[in-house]
Amino acid sequence: MARIWSALMVGLLVFLAACTTPTTEPRLGADGKPLPQVYRIRASDEGRLQFRMVDSVNALRRASGVSPVQLDPKLNAAAATHSRDMSVQNRPWHFGSDGSSPIDRVRRAGYTGAMLGEAISETYETELETLAAWMEEPGTRSVILEQRAVNMGFSWYQENNGKIWWTLVMGGPANGAFTGGS
């Protein structure tokens, strides 16, 4: 009788355990606060992210009365090169490890227009969170809303630990001039 009773109890416990939803406790940092989820970018996300960014930039530009920009593959290449190089240098800044300026990188990529500005970031945030942060800063906001811009390059490099190095480049007619950024 005890065996039957034990078997029924085990069966009931297994049944009840199957009915509950497993909970996952958030990972906690040393301060006891939940650690953020890592935003992972897959190789197949490249086009989707670039188009989402240009659409978001153009929405901001329209809201400010500025004409839209188009993605330019040469500016995308210059942005990708710089994002990877910032990771190698382990610092977000506008000069390459070889001393190159944003203008140098855009020319090397074959872009014949003028480089009008560059926005860079080192973060664990998404591309849209990064865009929002750029819009809060006067220097990068002016790059994004540059009235002479007709082309945009956007790319990133993500390290294994999840850190993302973002680069956005604006280009325009060949008689334009570099305006800065950060």
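**Grounds for the labels**

The bridge partner of Met115 is Gly171 in β4. This is a predicted model, in which local features need pLDDT of at least 70 and side-chain atom pairs count only at pLDDT 80 or more, while totals for chains, interfaces and linings use all residues. Residues are numbered from 1 along each chain as its sequence is written, and side-chain values use heavy atoms, with hydrogens and water left out.

Q: What makes β2 and β4 a pair of strands?
A: Two strands, which are DSSP E runs of at least two residues, pair if DSSP finds at least two bridges between them; 9 bridges join β2 to β4, and the two run antiparallel.

Q: Why is Trp166 called buried?
A: Buried means under 20% relative accessible area (exposed is over 50%, partly exposed in between, with a 1.4 Å probe and protein chains only); Trp166 has a relative accessible area of 0%, and is therefore buried.

Q: How do you know that the charged end of Arg91 sits over the ring of Trp93?
A: The rule asks for NZ of Lys or CZ of Arg within 6 Å of the ring centre and within 35 degrees of the ring normal; the charged end of Arg91 sits over the Trp93 ring at 3.8 Å from its centre.

Definitions and conventions. Helix = DSSP H or I, 4+ residues; strand = E, 2+ residues; numbered from the N terminus.
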